[in-house]
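Subject: Structure handover

Hello,

Here is the structure for you to look over. Please open it before reading on.

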Amino acid sequence: MENAGKENFELAMLDDYMVLYTGSRIDRNTVPENLFCYDVRHDDDCQGIACEKRWLP
């Protein structure tokens, strides 16, 4: 698990929202309180298409 404060993020669009993205798994205890954190799963063909997202507290 990576520390959110030390991770490099990319800007990406998800459901018409600009988001910060990383392919790393982030330790939820390191995410600032004012940010939401979601897990995103790509498509089964590995084309990079986000097909499922899940909010985790």
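Predicted model: local features only at pLDDT ≥ 70, side-chain atom pairs only at ≥ 80, totals over all residues.

Residues are numbered from 1 along each chain as its sequence is written, and side-chain values use heavy atoms, with hydrogens and water left out.

Fold first. Along the sequence the pattern reads β-β-β-β.

Next, Thr 22. It sits in the loop between β2 and β3. Thr 22 is buried, at 15% relative accessible area. Its side chain makes a polar contact with the side chain of Glu 7 at 2.8 Å. Here that term means N or O atoms within 3.5 Å, one able to donate a hydrogen and the other to accept it; residues adjacent in sequence count only if both atoms are side-chain atoms. The Thr 22 side chain also reaches the backbone nitrogen of Ser 24, at 3.2 Å.

Last, the largest pocket. Its lining has 31 residues; Leu 20, Tyr 21, Tyr 38, Asp 39 and Val 40 lie nearest the centre. A pocket is an open set of points on a 1 Å grid over the protein atoms alone, where a 1.4 Å probe fits, with protein on both sides within 12 Å along at least five of seven lines; lining residues have an atom within 4 Å of a point. β1 (10-14), β2 (17-21), β3 (38-42) and β4 (50-55) each supply at least two lining residues.

Best wishes

Technical notes. Helix = DSSP H or I, 4+ residues; strand = E, 2+ residues; numbered from the N terminus. Buried < 20%, exposed > 50% of the residue type's maximum accessible area, 1.4 Å probe, protein only.
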